[in-house]
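Colleague: I have this model open and would like to learn how to read it. Could you take me through it feature by feature?

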Amino acid sequence: MSAAEQALARTEAVPLSLRGPAATRVVAGYGFWLFLLSDIIIFAALFAAYAVLSGETAGGPTGATLFDKTHVLIETACLLASSVTCGFGSLAVQSGSRNSTYFWMAITFILGVTFLSLELSEFSHMLEIGAGPSRSAFLSAFFTLVGTHGLHVTIGLCWLIVMLLQVATLGFQPMVSRRFFCFGLFWHALDIVWIGVFTIVYLGAHL
Amino acid sequence: MSTEIEAQGVSPGVNVHTDGTRRSYLIGLGYAVILTLASFWASSTDVVYPPGVPILLGVLAIAQMGIHLVFFLHISSAPDQTNNILALAFGIFVVGLLVFGSMIIIAHLNHNMMPMDRLIQMQR
């Protein structure tokens with residue numbers, strides 16, 4: 001490579017107008033990043049509703065009596081661990097190693113299912129004791145916010161199954177690794193939303 | 001990893017500037033565990049001045065979100081990440097407007113509302 005080519009290979013040496021179209025991977029990642037930010041804005045609206053309504057219990061149970069902290073800590077641990085195994089899985093996808101992709105993504109899936117079943121057991125317990133979404137404005141806001149997060153996790157788990165099937169049938173084609181990459185972003189973003197949920201909903205209720 | 005640097009920047013989530021990305025996930029995990037345990041501890045402790053606890057929880061949560069962005073989503077201030085950072089900044093701006101705007105407006109409305117017993121009296 002000549003000195004001039006080397007200089008051109010440095011991205012900052014080429015003016016923006018001369019760089020040409022961005023690679024598909026960059027465009028796809030950026031588009032998905034914009035989607036994630038708009039998804040986070042949806043959650044922001046639900047957080048705002050919860051913050052406004054969290055005191056309106058209409059004589060019903062309050063958050064302090066309903067929420068169990070150790071339960072939430074286990075849920076948080078599951079989601080955090082699954083975020084890291086998902087990161088290891090995307091590294092395995094990048095290096096094109098099929099077995100370690102299956103291994104890490106299977107662990108991610110199991111941790112995600114554990115999180116979901118813990119959340120559903122909490123929901124069903126609340127419904128049993130008459131603290132369903134129709135009890136008070138506080139509980140409506142709670143079920144909407146936490147339920148939307150749970151729905152996102154469910155969609156993520158379905159997506160993960162589809163991605164593993166695509167690796168099995170199509171192999172590591174560029175489009176498959178692109179989709180896997182977007183899945184990783186989605187999963188990490190859900191973890192960021194969960195930080196807000198456990199801080200505002202669960203820890204905030206005990207203050 | 002330098003071959004992954006694209007002419008128009010990199011997509012979010014691609015870590016091109018540090019070696020050993022597996023290490024970066026583990027560092028992120030370490031920080032996230034510490035911050036999570038700290039916020040669970042802060043919510044049930046008597047050591048911290050009670051009215052200050054919500055602020056402490058907020059700081060810990062924002063710090064952990066930052067840790068996740070840097071170590072898991074690999075957002076950095078590198079020149080090829082300008083687009084990602086700009087989008088993130090706008091997203092944070094809209095989230096702030098939504099959450100704090102709603103809380104301030106509803107608190108004002110609540111403050112200016114007629115007490116409930118007077119309202120019921122007037123409806124009779």
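Colleague: How does helix 2 of chain A pass helix 6 of chain A, in a left-handed or a right-handed crossing?

Modeller: A crossing is called left-handed if the near helix is turned anticlockwise from the far one by less than a right angle, and right-handed if clockwise. Here helix 2 of chain A passes helix 6 of chain A in a left-handed crossing. Contact means that the C-beta atoms of two residues, placed from the backbone, lie within 7 Å. This contact is made by A:Leu46, A:Phe47, A:Ala49, A:Tyr50 and A:Leu53 of helix 2, with A:Ala137, A:Phe138, A:Ala141, A:Phe142, A:Thr144, A:Leu145 and A:Thr148 of helix 6. By class, the residues of the contact are 10 nonpolar, two polar and no charged. The classes are nonpolar for Ala, Val, Leu, Ile, Met, Phe, Trp, Tyr, Cys and Pro, charged for Asp, Glu, Lys and Arg, and polar for the others, Gly among them.

Modeller: Before we go on, this is a predicted model, in which local features need pLDDT of at least 70 and side-chain atom pairs count only at pLDDT 80 or more, while totals for chains, interfaces and linings use all residues. Residues are numbered from 1 along each chain as its sequence is written, and chains are lettered from A and ligands numbered from 1 in the order in which they are written. Helices (H or I, at least four residues) and strands (E, at least two) are DSSP runs, numbered from the N terminus.

Colleague: At what angle do the axes of helix 2 and helix 6 of chain A cross?

Modeller: Axes are lines fitted to C-alpha atoms, for helices over the stretch in contact, and angles run from 0 to 180 degrees between N-to-C directions. Angles under 35 degrees count as roughly parallel, over 145 as roughly antiparallel, 65 to 115 as roughly perpendicular and the rest as oblique. The two axes come within 9 Å and cross at roughly 155 degrees, so helix 2 and helix 6 of chain A are roughly antiparallel to each other.

Colleague: And which residues of helix 6 of chain A are buried?

Modeller: A residue is buried if 20 or more other C-beta atoms lie within 10 Å of its own, exposed if 12 or fewer, and partly exposed in between. An α-helix has 3.6 residues a turn, so residues three or four places apart point the same way. In helix 6 of chain A the buried residues include A:Phe138, A:Ala141, A:Phe142, A:Leu145, A:His149, A:Val153, A:Gly156, A:Leu160 and A:Met163. Helix 2 (24-53), helix 5 (98-128) and helix 7 (174-205) of chain A are among what covers the buried residues of helix 6. After helix 6 of chain A comes A:Gly171, with a positive phi near 75 degrees.

Colleague: Where do I find a positive phi in a residue other than glycine?

Modeller: Most residues other than glycine have a negative phi. B:His74 has a positive phi near 55 degrees and is found in the loop between helix 2 and helix 3 of chain B. B:His74 counts as buried because it has 26 C-beta neighbours inside 10 Å. Another case is A:Ala58, with a positive phi of about 50 degrees, in the loop between helix 2 and helix 3 (63-66) of chain A. A:Ala58 counts as exposed because it has 9 C-beta neighbours inside 10 Å.

Colleague: How many residues of chain B are in contact with chain A?

Modeller: In chain B, 42 residues are in contact with 44 residues of chain A. Helix 3 of chain B supplies the largest share of the side of chain B that touches chain A, 12 residues. That side has 24 nonpolar, 15 polar and three charged residues.

Colleague: How does helix 2 of chain A cross helix 3 of chain B?

Modeller: Their axes come within 9 Å and cross at roughly 15 degrees, so helix 2 of chain A and helix 3 of chain B are roughly parallel to each other. The crossing is right-handed. Residues of this contact include A:Trp33, A:Leu37 and A:Ile41 of helix 2 of chain A, and B:Leu88, B:Val95 and B:Met103 of helix 3 of chain B. By class, this contact has 20 nonpolar, four polar and no charged residues.
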